Amino acid sequence: MTTRLETRCCIAGGGPAGMVLGWLLARAGVPVIVLEKHADFLRDFRGDTVHPSTLELMHELGVLDAFLRVPHTAMDHIDLEILGERLAGPDFRGLPTHCKMIALMPQWDFLEFVRGQASQHDTFRLIQRAEVTELVRDGDRVVGVHARTPDGALEVRADLVVGTDGRHSTVRARAHLVPRTFSVPIDVLWMRLSRKPSDGDQVLGTMTARQFLVMLDRGDYWQCAYLIEKGALDRLRARGLPALRDELAAIVPFLADRVAELTSWDDLKLLTVVVDRLDRWWAPGVLCIGDAAHAMSPIGGVGINLAVQDAIATANRLAGPLRDRALTSDDLAAVQAHREPPAKKIQALQIAIHDHVLAKVLAGRGGPTLRLLRFALRHAPRAMRRKFAEVLAVGQLEHVV
């Protein structure tokens, strides 16, 4: 038996883009259903960096104080260690936003907060354990989705289907929207290691001539990202976990007394890094945003924030037409026209960092490049570091209408 529902907008995927879009549309009086295939938001090692652009959204909606009561770690500048020298990197303290910091917050806490806010509106509904499997069509127009749930089949009819279901988007595939994929030389191993008060102030990234380790201060533990060459996990496994522990301790010596916390390969999670982008984000009745439209590298931690900015722009443009049942393909094309330039800009920057820095480091040829980078950061004026911080942490800022 199939359960059938109707709404104005059906959103596939309960990540940052989907939940924020659902919240904003519901706030604007648009009936919306969000379908999330998992039973909860508890996925580890997801994007946990809430940038000033997203904090600005919370301010504009009048919930910033409540949001900042959610446990988080504040980071108002970034230091890097390059070839043994600590250097000042992007500085968020001069940004043109109310919050001049990045908030490190588990993504499940972020999403639970958004759900709590969205659920205050009668026009919002979240259905979990509902996995979208197919699109419903009327001729060449998408008019809804089929989903699989523990209680049986579900069909949701809607004026618009929005794919926010990530870089392996089912909505994207079923809409025959094919991404352009860019070459990426890295993958990432995520792990946790305990943090001690004696560890001192955070250095976000430590780079040697051959290695790059990112460490995010999560209070009582470090969330670590160890960059490896694309497809190199099997080679690492063949060398054994003790060799990896030794590498981590060599990069950051104070970790030597706790790398034994990594007791098996199950303690490490592989992120296969993908950078891709749709040439067209939409088809009649369907739109993709966030990672479904432009999968980002973890470099800079910008993925969640681009997704949220996509959601704001989408709600601003489409709330009226959805409310009036006057949505056209021109409206969908306008969302892409507005949001594609910042996605392209950040991807171009990420690809340049991949090709000109990280690929050389992981191939053991990073010395000359890192010496040049170290010299540039050593002599970079504060205004330049703040400008880079603005590009990274704010970008094309969207304001709630």
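Visitor: What makes helix H9 a helix that lies across strands S13, S14, S15 and S16?

Guide: In this predicted model, helix H9 (residues 329-362) lies across strand S13 (186-194), S14, S15 and strand S16 (221-229). Contact means heavy atoms within 4.5 Å. Helices (H or I, at least four residues) and strands (E, at least two) are DSSP runs, numbered from the N terminus. H9 runs at about 90 degrees to S16; axes are lines fitted to C-alpha atoms, for helices over the stretch in contact, with angles from 0 to 180 degrees between N-to-C directions.

Visitor: How do you know that S14 and S15 pair?

Guide: Two strands pair if DSSP finds at least two bridges between them. Strand S14 (residues 205-207) and strand S15 (residues 212-217) have three bridges, in the antiparallel sense, so they pair. Thr206 stands opposite Leu213 in S15.

Visitor: Why are S6 and S17 called edge strands?

Guide: The open sheet has the order S6-S5-S14-S15-S16-S13-S17, with mixed pairing. Strand S6 (85-91) and strand S17 (269-271) each pair on one side only.

Visitor: Why is Cys99 called buried?

Guide: Buried means under 20% relative accessible area, exposed over 50%, partly exposed in between (1.4 Å probe, protein chains only). Cys99 has 8%, so Cys99 is buried. Cys224, at 1%, also counts as buried.

Visitor: How many disulfides does a search of the whole structure find?

Guide: The search finds zero. A disulfide is a pair of cysteine sulfur atoms within 2.5 Å.

Visitor: What do the numbering and the values rest on?

Guide: Residues are numbered from 1 along each chain as its sequence is written, and side-chain values use heavy atoms, leaving out hydrogens and water. Local features need pLDDT of at least 70, side-chain atom pairs count only at pLDDT 80 or more, and totals for chains, interfaces and linings use all residues.
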